[in-house]
Amino acid sequence: MPNQSPSGPPMAASPLTRAVLEIDDYVAGIGWDQPARLFALVDTAQLRSQEPGLADRLGLGDEQPAGTLTPIEQEELPAGSPLDEFLGTIAWPDAVAGCALSVERLMLPPSAETSVPQGLSEAELTKWVAEHPDRQEVRMTVAVLRDGARESALRLREKDSPTEVLTGSDLVPGLADALAATFAE
């Protein structure tokens, strides 16, 4: 992925926040209606010393600040496989400091949650949400590090702008837990 432009993530942000915003910006450039995308997060200095050819192909020069994380997109996730089942099959090599996932979902505002019909199957609930007039499309980019650090970025399709991206460490706790489990021994 190219380095961030001056309008990219603030340099004062943590390396994990910068990586999440870099991934969000990269995926935003591809557009909406995309499959989930998985990324390994590696220490940039370690990548430069151990894989100089790859670092050169990624455009990673020596000017990167210490502690910088480089996202490396993984192969496409298998179609039709439930995300939680797929994440349960992942084992990362030691060189991977963390991982991130970018996925699109439909979301309802909290005010709509009281009107959800009871007793729906998962397929029926998915259809009900997809047809709800207040639904919103959201792209969630969630990252975790081996040490337990977490960060998320949320982008609404209707407010598709880098200045409208919401970040926080606990915005999507279930997905962060699932990603953290990929590092469990």
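Student: Which residue is the bridge partner of Met140 in E5?

Tutor: That's Leu154. Bear in mind that this is a predicted model.

Student: Okay, and how many bridges join E4 to E5?

Tutor: Seven, with strand E4 covering residues 136-145 and the two strands running antiparallel. They make a hairpin, with four residues between them.

Student: What's the phi of Gly148 in that turn?

Tutor: Gly148 has a positive phi of about 100°.

Student: Back to Leu154. What stands opposite Leu154 in E6?

Tutor: Leu166 does. E5 pairs with strand E6, residues 166-168, over three bridges, again in the antiparallel sense.

Student: Is E5 mostly covered or uncovered?

Tutor: Mostly covered. Strand E5 spans residues 150-156, and five of its seven residues are buried.

Student: Let's zoom out. What is the order of the strands in the sheet?

Tutor: The order is E2-E1-E3-E4-E5-E6, an open sheet of six strands with antiparallel pairing.

Student: Why is one side of E2 and of E6 left without a neighbour in the sheet?

Tutor: Because E2 (69-73) and E6 stand at the edges, where each has a single partner strand.

Student: What does the twist average from one strand to the next?

Tutor: The twist averages 20°.

Student: Switching topic to helices. Which strands does H6 touch?

Tutor: H6 packs on the sheet and touches E1 (37-43), E3, E4 and E5. The direction of H6 makes about 40° with that of E4.

Student: Is Leu179 buried or exposed?

Tutor: Leu179 is buried: its relative accessible area is 0%, and buried means under 20%.

Student: What does Leu179 touch, then?

Tutor: Leaving out residues up to four places away in sequence, Leu179 touches Leu38, Leu87, Cys99, Ala100, Leu101, Val142 and Val144.

Student: How many residues apart in sequence are Leu179 and Ala100?

Tutor: They are 79 residues apart in sequence, while their C-alpha atoms are 7.4 Å apart in space.

Student: Great, thanks! I'll go and click through those.

How values were computed. Residues numbered from 1 in each chain as written. Predicted model: local features only at pLDDT ≥ 70, side-chain atom pairs only at ≥ 80, totals over all residues. Heavy atoms only, no water. Buried < 20%, exposed > 50% of the residue type's maximum accessible area, 1.4 Å probe, protein only. Contact = heavy atoms within 4.5 Å. Pairing = 2+ DSSP bridges. Axes fitted to C-alpha atoms, helices over the stretch in contact; angles between N-to-C directions.
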